[in-house]
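Reader: Could you take me through the surface of this one? I'd like a close look at what sits out there, with the cut-offs spelled out.

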Amino acid sequence: MVLLCRVVARKVETQLLEGEFYPKATGYNAPNAYKVIATLDLDDDGKMEVVIGSNYYEGEATTIYHCDPKKIEALLSVSCGA
């Protein structure tokens, strides 16, 4: 999982960017591995976007997130695999 921890209105907030949870293993699960590839200002608005990569045994994906204090939004995603 990838968590975003930041200060908003003088309080520390932690938000989930990407992740999946399996509290009980039932059947076959193929969890993804997630990593932060980059933090960049891709749209030149003065705010950083977060680029997350994920992969599992049959494929991978890259997703760009815009992170406002009230909302995290996936802007663009590309993937390949089954």
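Author: The protein chain has an accessible surface of about 6,100 Å², and carbon and sulfur atoms own 55% of that (Shrake-Rupley method, 1.4 Å probe, with only the protein chains shown counting as cover for residues). Keep in mind that this is a predicted model, where local features need pLDDT of at least 70 and side-chain atom pairs count only at pLDDT 80 or more, while totals for chains, interfaces and linings use all residues. Residues are numbered from 1 along each chain as its sequence is written, and side-chain values use heavy atoms, leaving out hydrogens and water.

L3 belongs to strand β1, residues 2-8 (strands are DSSP E runs of at least two residues, helices H or I runs of at least four).

Next, the loops. R10 sits between β1 and β2 (11-18), and R10 has a positive phi of about 65° despite not being a glycine. R10 counts as exposed because its relative accessibility is 82%, the cut-offs being over 50% for exposed and under 20% for buried. D44, in the loop between β3 (33-40) and β4 (49-56), also isn't a glycine, yet has a positive phi of about 55°. D44 is exposed too, with 68% relative accessible area. As for the rest, 27% of the 82 residues are buried.

Technical notes. Buried means under 20% relative accessible area, exposed over 50%, partly exposed in between (1.4 Å probe, protein chains only).
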